[in-house]
Amino acid sequence: MENKKFYITTPIYYPSDKLHIGHTYCTVATDAIARFKRLQGCDVMFLTGTDEHGQKIEDKATEAGVTPQQFVDNIVLGERGVKDLWKLMNISNDRFIRTTDDYHVAAIQKIFKKMYENGDIYKGKYTGKYCKPCESFWTESQLVDGKCPDCGREVSDAEEEAYFFRLSKYADRIRDLLENTDFLEPRSRVNEMVNNFIKPGLEDLCVSRTSFTWGVPVDFDPGHVVYVWIDALSNYITALGYENDKYDDYKEFWPADVHIVGKEIVRFHSIIWPAMLMSMGEPLPKKVYGHGWLLLDGGKMSKSKGNVVDPYILAEKFGVDALRFFLLRTFPFGSDGNFSNELLIKTINTDLANDLGNLVSRTTAMSQKYFESTLGEGGQWAELDDELKSLAADVVANYTKHMESYQLHLALAEAFRLIGRANKYIDETAPWVLAKDEASKPRLLSVMKNLCEAIRISAILVSPFMPASSEAILNQLGVEETLRKWENLSFRCSCECCWKSSTAAPLFPRIDVEKALAELEEAAEAARKAALPALEIEPFTEENVDFETFCKSDFRVVKVLACENVKKSEKLLKFTLDDGSGQPRQILSGIAKFYKSEELIGKTLVAIINLPPRKMMGQASCGMLISAVHTERGEEKLKLLMLDDSIPAGAKLC
Ligand code: MSP
């Protein structure tokens with residue numbers, strides 16, 4: 001029999017910045033579902049990719065002084081870019097689409113034309129606000145205090161010629177789809193869509209722009225580029241070969257079984273996308289699942305707020321599987337969740353180091369100690385084992401139900417119910433007591449085999465979430481290939497199976513919470529610094545100073561006779577200077593954080609000496625030393641102006 005087809009997608013990501021843990025969450029979740037479906041024997045197509053057009057990318061590229069294509073290539077293909085991240089996170093996508101791929105661009109032109117020719121796209125006028133100096137169109141909501149968000153100048157009412165999609169025509173069919181089918185889940189998202197968008201009335205959608213060029217050109221009307229969401233949503237079918245010859249899987253895999261998307265883009269996927277497909281006369285995807293956000297300190301992560309969490313740092317520090325596991329075990333998939341490093345470490349220590357890791361290491365160590373790692377034929381089944389066996393069956397049934405309804409956290413909780421029960425089984429059966437009595441050997445043998453069996457089943461259940469660790473556990477237990485399969489998940493009687501296991505270093509070492517938190521803080525600080533401008537200098541003074549005023553400033557060469565820290569002050573250094581007058585001059589300067597007092601003695605510096613004397617910390621300061629200041633990655637830098645020592649004290653600077 002042919003395997004059931006299963007087509008699953010992630011949103012395609014904006015490569016306007018490096019991806020953060022929120023994007024990783026979405027992709028890891030989709031990957032776990034795809035792996036689960038493969039485990040069940042489905043023929044899976046898992047698509048991800050990047051959404052590379054639009055004004056934002058064009059602007060960022062201009063800012064960076066590169067072409068938009070170079071800009072996106074760097075974020076998608078460059079070091080620690082999108083593709084690198086998915087490789088690191090062990091994402092098993094079958095295909096990766098970029099909306100700048102030639103086949104996709106050509107297909108979008110055909111799709112746009114198709115909808116134009118069937119009367120669903122028409123030419124109209126887009127009204128908005130226009131900033132003349134910037135030559136930019138803005139919507140009312142984009143304005144800042146009613147002014148241009150770029151230059152802050154006044155804007156005027158304006159009209160731009162644009163194409164519109166007859167979204168309004170599909171309002172009733174979309175409402176029916178949302179309210180009367182399981183198309184959109186979780187159900188709470190249906191109410192959001194109907195109340196916020198459908199009930200107020202669906203308006204036709206502006207689907208072309210003329211104010212920028214980085215997009216798919218409308219081939220029959222030069223100057224217009226296709227609206228980025230029409231371009232992006234269509235990726236789900238162009239990647240299968242729709243309107244192109246690059247691939248030929250459309251018939252086999254469309255309609256998609258599920259589009260996994262974040263809650264803020266549910267509107268595009270559950271209203272605009274089905275309307276587009278209705279217009280094209282194509283079948284609708286079977287489901288859109290809108291997951292929640294990972295929040296940081298209660299707010300959405302965003303690069304502009306500077307509160308993004310870097311998945312590379314976490315994966316490198318705690319392991320890819322531990323990070324994947326944490327994301328999917330901790331937060332209910334359909335709701336928002338608060339990310340924190342403490343929670344991450346606690347989850348790894350509790351579930352992975354204590355529960356799963358300990359179960360595996362205790363079992364393999366005891367198996368080695370009592371049976372030299374070989375659990376041969378025989379054994380003695382007891383009543384307690386029936387309970388473990390039936391719990392395992394219950395766990396598998398619940399796990400399956402939860403995975404099929406994308407309740408990933410509940411599915412994992414089930415797997416951990418079995419792991420917890422197996423740990424308790426060790427305490428109840430006390431193998432170390434059984435080992436003392438030769439007559440208990442058959443019972444001990446069964447106990448060890450039952451533990452191996454519980455671990456085998458648990459390892460298979462966690463495999464979509466932690467593929468590498470699951471494989472390592474199954475290898476450690478010496479489980480043959482067929483017994484790693486979905487159809488062999490039932491608990492076998494210990495008397496009828498044999499095992500040959502091995503011991504290994506702990507899979508999930510316990511993490512020292514304090515130390516790890518401090519290291520993460522340090523890494524985050526380094527990343528914050530690296531993101532700051534390399535060099536910042538004071539803005540130039542716009543106001544002119546007349547020559548006569550300038551000449552009144554008396555700059556002199558001075559030699560440092562003595563220098564010491566001012567008592568009780570962290571900032572001030574006290575200088576005794578030779579200014580050529582024959583009388584020592586005292587100047588106080590707030591530069592203690594940049595210099596040690598002793599290193600300045602004997603140096604030739606520059607001071608302005610005709611500033612009015614003033615008192616600082618009770619001491620007189622007669623003048624000011626001149627230094628150069630700038631900021632490097634957010635850190636203030638200062639260097640005193642030092643001259644050639646051959647210049648005599650008192651020489652005037654002019
Ligand atoms: N390019 C569009 C999608 C087009 S699909 C045809 C887009 N890209 S995105 O890069 O901004 O976001 C991609 C996905 O990442 C979205 O589903 C979004 O919800 C998800 N996440 C981004 N930040 C997130 C969190 N902090 N938490 C969870 N998911 C979040 O939208």
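## The largest cavity

About 40 Å³ of space lies in the largest cavity of this predicted model, and a search of the whole structure finds one cavity of 30 Å³ or more. A cavity here is a set of points on a 1 Å grid over the protein atoms alone where a 1.4 Å probe fits but cannot get out, with lining residues having an atom within 4 Å of a point; the volume is the space filled by probe spheres set on the points, which are joined across faces, edges and corners.

The lining consists of Gly357, Val360, Ser361, Gln476, Ala504, Ala505, Pro506 and Leu507, and its largest share, three residues, comes from helix H14 (residues 341-371). Helices (H or I, at least four residues) and strands (E, at least two) are DSSP runs numbered from the N terminus. By class, the lining of the largest cavity has five nonpolar, three polar and no charged residues, where Ala, Val, Leu, Ile, Met, Phe, Trp, Tyr, Cys and Pro count as nonpolar, Asp, Glu, Lys and Arg as charged, and the others, Gly among them, as polar.

## Aromatic pairs

The structure holds 27 aromatic pairs, that is, rings of Phe, Tyr and Trp (its six-membered ring) with centres within 6.5 Å, counted as stacked for planes under 30 degrees apart, edge-to-face over 60 and tilted for the rest. The ring centres of Tyr116 and Tyr163 are 5.9 Å apart with planes at 85°, so this pair is edge-to-face. The pair links distant parts of the chain, with Tyr116 in helix H5 (residues 102-117) and Tyr163 in strand E6 (residues 156-165), 47 residues apart. Tyr116 is partly exposed, with a relative accessible area of 35%, whereas Tyr163 is buried at 3% (buried is under 20%, exposed over 50%, partly exposed in between, with a 1.4 Å probe and protein chains only).

Tyr289 and Tyr406 also form an edge-to-face pair, with ring centres 5.7 Å apart and planes at 75°. Tyr289 lies in strand E12 (residues 288-291) and Tyr406 in the loop between helix H15 (383-404) and helix H16 (408-429), 117 residues apart, and both Tyr289 and Tyr406 are buried.

## Cluster and charges over rings

Ring pairs join Tyr7, Tyr236, Tyr242, Tyr250, Phe253, Trp254 and Trp273 into a cluster. Elsewhere, Lys263 lies over the face of Trp293, at 4.5 Å from the ring centre, and Arg267 lies over the face of Phe268, at 4.7 Å; the criterion is NZ of Lys or CZ of Arg within 6 Å of the ring centre and within 35 degrees of the ring normal.

## Basis of the values

Residues are numbered from 1 along each chain as its sequence is written, and side-chain values use heavy atoms, leaving out hydrogens and water. In this predicted model, local features need pLDDT of at least 70 and side-chain atom pairs count only at pLDDT 80 or more, while totals for chains, interfaces and linings use all residues.

Methods
1 Å grid on protein atoms, 1.4 Å probe; cavity = no way out; pocket = protein on both sides within 12 Å on 5 of 7 lines; lining within 4 Å.
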